[in-house]
Amino acid sequence: MGILSRVESFLERFLEAPAGRLGASIQPVSLAKRIERAMDTNKTYRDAGVIVPNHYALHLHPSDYAAFASYHSSLEDDLAHGVLARARHERYTLVARPRVEITADEGTRRGEIRVAANVVDERGERLREATPMPASPDTMIHDRLAPADAPASARRAYLLVSTRGSRPVQFDLGGPLIGIGRASDNDVIVDDPMVSRHHCQLRLQHGAYGFADLGSRNGSTVNGQPVTQIALGPGDVIRVGDTEIEFQVRE
């Protein structure tokens, strides 16, 4: 550990420990700030741009963790979305979907937040050389290989996703279930406040894709008509919030 890292670690303990001694609880905003600090501290420079960690493990004392235990999954998801939003704002590069894990750790002092930040792939394995994933300012795509037994028509299908008139981002289909929304566990993450966290899905049935709204707050339309479920054909245009999704099939 370099001298700057040791000084930073000392200052973190000095500033955060009093909260624990005085009985004040750690707030979600404190977790978000520690993630931001870890993101800036662990960034690396490559030809493709500034690459930052996409996996953050937050270690809390069990008594501090207890305050988040009942909703830690949704909090982890919110914090992961915050990572995505900040990376976009700062023009940082992520190599895979951002993930945040909050764990109880007896080795962490009460009132402290320890963060382990790493660059990992979709399987959670650390990467030595980071290869950036394609993304636009408003849409992040997580490519998944089409199953070998997927029908040829499904493997030829793809989406063109555009938010607020941005350049369309292409997403190749083939999988049986494609999630679309703001939450970080979707296959297509859309940075659109009018879109629900888990807004809609594309479902592969009998070799063809259908669309299903998941009870979203603002609803969905296909070719301008409000829908909850509908079969899709080439050229159909799905609209969720300010995001347009064109369904296409290669010849």
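I began with strand β7, residues 157-163, and found it mostly covered, since six of its seven residues are buried, where buried means under 20% relative accessible area, exposed over 50% and partly exposed in between, with a 1.4 Å probe and protein chains only. Strands here are DSSP runs of E of at least two residues, helices are runs of H or I of at least four, and both are numbered from the N terminus. I noted that this is a predicted model, in which local features need pLDDT of at least 70 and side-chain atom pairs count only at pLDDT 80 or more, while totals for chains, interfaces and linings use all residues. Residues are numbered from 1 along each chain as its sequence is written, and side-chain values use heavy atoms, with hydrogens and water left out.

I then looked up the partners of β7, taking two strands as paired if DSSP finds at least two bridges between them. β7 pairs with strand β17, residues 243-249, in the antiparallel sense over seven bridges, and four bridges join β7 to strand β8, residues 169-172, also antiparallel. Tyr-158 stands opposite Gln-248 in β17, and its bridge partner in β8 is Asp-172. In the hairpin of β7 and β8, with five residues between the strands, I found Arg-164 at a positive phi near 50 degrees.

Next I turned to Thr-108, which lies in the loop between β4 and β5 (114-118). Is Thr-108 buried or exposed? It is buried, with a relative accessible area of 1%. Leaving aside neighbours within four places in sequence, I listed His-59, Leu-60, His-61 and Arg-114 as its contacts, a contact being heavy atoms within 4.5 Å. The side chains of Thr-108 and Arg-114 make a polar contact at 3.5 Å; the term covers a pair of N or O atoms within 3.5 Å, and within protein one must be able to donate a hydrogen and the other to accept it, with residues adjacent in sequence counting only if both atoms are side-chain atoms.

Of its 25 residues, Leu-31, Tyr-56, Leu-60, Leu-79, Val-100 and Ile-102 touch the most other members. The elements giving two or more residues to this core are α2 (28-41), β3 (55-60), α4 (72-90) and β4 (99-104), and α4 has the largest share, six residues.

Definitions and conventions. Core = buried A, V, L, I, M, F, W, Y, C linked by side-chain atoms within 4.5 Å.
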